Amino acid sequence: MRLTIHADDFGISESVSRCIAECFAKGWVNETSLMVNMPYADKAVELARQNGFVGKVGLHLNLSQGMPLTEKIKSCPRFCNEDGTFNKKFHHMTKTRFVITKAEQDAVREEVEAQLAKFVKYDGVLKKLDSHHHVHTDWSVYRLLEPLALKYGIRAMRISATLHKVGLVKELYKRYLNRRIRKHFVTTAEFDGFNANLVAATKHGQDVELMVHPMYAESGEIVDAKRPYNELMEAING
């Protein structure tokens, strides 16, 4: 069994990046993923090099927060605001999570490729991909992403969450998508955020990826979704 404790959002801010580095030092995480479109991305990679975990840094594909790397997508109102920043509108609409226009496809393809190209230029990083707000699991994105990820040498990819209950249609889609991801990329048997089913899967020896979002509370304590991080680790390891 391998438990991957993966910290999302590396590079989103200096504070979060420092927090993730501290979690590596404490042995509380063993992977993270970088938001290459964020202003702090380069400094985050340097922080990872200084602390010896750059080989554990994958790509956190981002189509929902901050400023894109490319121009075309800024003209797509279901992806970006008038000021050019991502707005996540496409991800909030069931239809556009599956189908987008030809112009939107071209823009998404261009942005995804730009993020992949920037990521692989960082020497020694982990050729693994996941995404902010799970946008890579939206079919309108995944169908464009798959060939690009293979082109840029991505070897591993996060599957869609498996350990919490969803409706039948969504469950069938998740099964199809996860089979597709497993066909082309290395992944884990199970993936989810912290919940009782994930803890049970971990204790039963399954290959599991746990998604966490460590950050500093106002008190300086490390928390994940407001829960003290040391309590989360006790639940996993207890």
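Aspartate 9 counts as buried because its relative accessibility is 12%, where buried denotes under 20% relative accessible area, exposed over 50%, and partly exposed the range in between (1.4 Å probe, protein chains only). This residue belongs to strand β1 (residues 3-10); helices (H or I, at least four residues) and strands (E, at least two) are DSSP runs numbered from the N terminus. The phi angle of aspartate 9 is near 75°, a positive value in a residue other than glycine. The model is predicted, so that local features require pLDDT of at least 70 and side-chain atom pairs count only at pLDDT 80 or more, while totals for chains, interfaces and linings use all residues. Residues are numbered from 1 along each chain as its sequence is written, and side-chain values use heavy atoms, with hydrogens and water left out.

A positive phi, near 60°, is also found at histidine 133, again a residue other than glycine. Histidine 133 lies in the loop between β4 (128-131) and α6 (139-151). With a relative accessible area of 30%, histidine 133 is partly exposed.

An open sheet is formed by three strands in the order β8-β9-β10, with antiparallel pairing; two strands are taken to pair if DSSP finds at least two bridges between them. Between β8 and strand β9 (residues 222-224), the antiparallel pairing extends over three bridges. Helix α1 (residues 14-26) packs on the sheet and touches β8 and β9, contact being defined as heavy atoms within 4.5 Å. The direction of α1 makes about 115° with that of β8; axes are lines fitted to C-alpha atoms, for helices over the stretch in contact, and angles run from 0 to 180 degrees between N-to-C directions. Within the sheet, proline 214 stands opposite aspartate 224 in β9.

Seven aromatic pairs are found in a search of the whole structure. Rings of Phe, Tyr and Trp (its six-membered ring) pair if their centres lie within 6.5 Å, and planes under 30 degrees apart count as stacked, over 60 as edge-to-face and the rest as tilted. Tryptophan 28 and tyrosine 229 form a stacked pair, at 5.2 Å centre to centre and with 20° between the planes. This pair links distant parts of the chain, 201 residues apart: tryptophan 28 is in the loop between α1 and β2 (31-34), and tyrosine 229 is in helix α9 (residues 229-237). Both tryptophan 28 and tyrosine 229 are buried. Phenylalanine 98 and tyrosine 173 form an edge-to-face pair, with 5.0 Å between centres and 70° between planes. Here phenylalanine 98, in helix α4 (residues 94-98), is joined to tyrosine 173, in helix α7 (residues 168-184), 75 residues apart. Phenylalanine 98 counts as partly exposed, at 36% relative accessibility. Ring pairs also link Phe10, Phe24 and Phe53 into a cluster.

The charged end of lysine 26 sits over the ring of tryptophan 28, 5.2 Å from its centre; the criterion is NZ of Lys or CZ of Arg within 6 Å of the ring centre and within 35 degrees of the ring normal.

A search of the whole structure finds zero disulfides, defined as pairs of cysteine sulfur atoms within 2.5 Å. For cysteine 23, the nearest cysteine sulfur, that of cysteine 19, is 4.5 Å away. Cysteine 23 is buried, at 0% relative accessibility. The sulfur of cysteine 80 is too far for a bond because the closest cysteine sulfur, in cysteine 76, is 7.2 Å away. Cysteine 80 is buried, with a relative accessible area of 4%.
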